[in-house]
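Hello,

Here is the structure I promised to hand over. Please open it alongside this email.

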Amino acid sequence: MTETVARAGTAVGNGATGSKSEQAYQAVKARIVDGTYSPGYRLVLAKIAEDLGVSVVPVREAIRRLEAEGLVKFERNVGATVSGIDPTEYLYTMQTLSIVEGAATALSAPLIGAADIARARAVNEEMRECLQHFDPVRFTRLNQDFHSVLFEHCPNPHILDLVHRGWNRLASLRSSTFRFVPGRAHDSVAEHEALLKLIETGADADAIEKAARLHRSATLDAYLAQTNAGSLSAQ
């Protein structure tokens, strides 16, 4: 999804690709993911259509797709609203991702070159700069960019597919963990550098996998320590 469609009030169709229904879907989903449409927000089709510069029909189709994905629900006498975050689904997703991403990073490590290391380090520097005026949505996007460099060379397509599925599921949960535990972001940047040094120095696969898994698990642990199931579902 692009920043253009994600920005509230942006009309659909100005040079964008895909059908109006697809563009409406991407625009509404982006606003749910970045928190513009928060959990419980009532999705008034006519108002959204006006904001996007389209008819109600493509917006209705977009809302149906988002309902099928679990991002939207219909409430009696209310209509379409943005769904809350399922804390159990988040927990399971993060646990699974720590395992498969750790394995993908370890398998990818021997294939990561100097240019890849430089690219990942540059992204991590952007993350460090982002800490000064913290933007959890941007930080989360950069975090995915960083880890993508480390696991994208994984030669096992099945493991790589599971990693992508995990990241996509996190996006559908609209969960920027760092929104709730911003202090964890500082530790995350430091752990990224330590992980890069392990790869740079040719550490064995077990050490790299363990570091990658503990890095992901530490974020989950910080999140769970800060937020209980009741408050999560209310977010």
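Below are my notes, grouped by region.

First, a caution: this is a predicted model. Every value here is computed from it.

**Helix pair H5 and H11**

Start with helix H5, residues 87-108, and helix H11, residues 205-226. Their axes lie 7 Å apart. The packing angle is about 160 degrees. H5 is therefore roughly antiparallel to H11, because an angle over 145 degrees counts as such. The crossing of the two is right-handed.

Which residues of H5 and H11 make the contact? On the H5 side they include Tyr90, Leu91, Met94, Leu97, Ile99 and Glu101. Gly102, Ala103 and Thr105 of H5 are also among them. On the H11 side they include Ala205, Ile208, Glu209, Ala212, Arg213 and Arg216. Leu220, Tyr223 and Leu224 of H11 take part too. By type, the contact between H5 and H11 has 13 nonpolar residues, six polar and four charged.

Proline 110 sits in the loop that links H5 to helix H6 (114-130). Is proline 110 buried or exposed? Its relative accessibility is 68%, so proline 110 counts as exposed, the cut-off being over 50%. Histidine 153 is 43 residues away from proline 110 in sequence. In space, their C-alpha atoms are 8.9 Å apart.

**Cysteines**

How many disulfides does the whole structure hold? The search returned zero. Two cysteines are worth a look on your screen. Cysteine 130 has a relative accessible area of 3%, so it is buried, the limit being under 20%. Cysteine 154 comes in at 6% relative accessibility and also counts as buried.

**Glutamate 193**

Glutamate 193 belongs to helix H10, residues 183-200. Leaving aside residues up to four places away in sequence, glutamate 193 touches Arg121 and Asn124.

**Asparagine 77**

Asparagine 77 is in the loop between strand S1 (72-75) and strand S2 (79-82). Its phi is near 65 degrees. That is a positive value in a residue other than glycine. Asparagine 77 counts as exposed, at 77% relative accessibility.

Best wishes

Terms used:
Residues are numbered from 1 along each chain as its sequence is written. This is a predicted model: local features need pLDDT of at least 70, side-chain atom pairs count only at pLDDT 80 or more; totals for chains, interfaces and linings use all residues. Side-chain values use heavy atoms; hydrogens and water are left out. A disulfide is a pair of cysteine sulfur atoms within 2.5 Å. Buried means under 20% relative accessible area, exposed over 50%, partly exposed in between (1.4 Å probe, protein chains only). Axes are lines fitted to C-alpha atoms, for helices over the stretch in contact, and angles run from 0 to 180 degrees between N-to-C directions. Helices (H or I, at least four residues) and strands (E, at least two) are DSSP runs, numbered from the N terminus. Angles under 35 degrees count as roughly parallel, over 145 as roughly antiparallel, 65 to 115 as roughly perpendicular and the rest as oblique. A crossing is left-handed if the near helix is turned anticlockwise from the far one by less than a right angle, and right-handed if clockwise. Contact means heavy atoms within 4.5 Å. Ala, Val, Leu, Ile, Met, Phe, Trp, Tyr, Cys and Pro count as nonpolar, Asp, Glu, Lys and Arg as charged, and the others, Gly among them, as polar.
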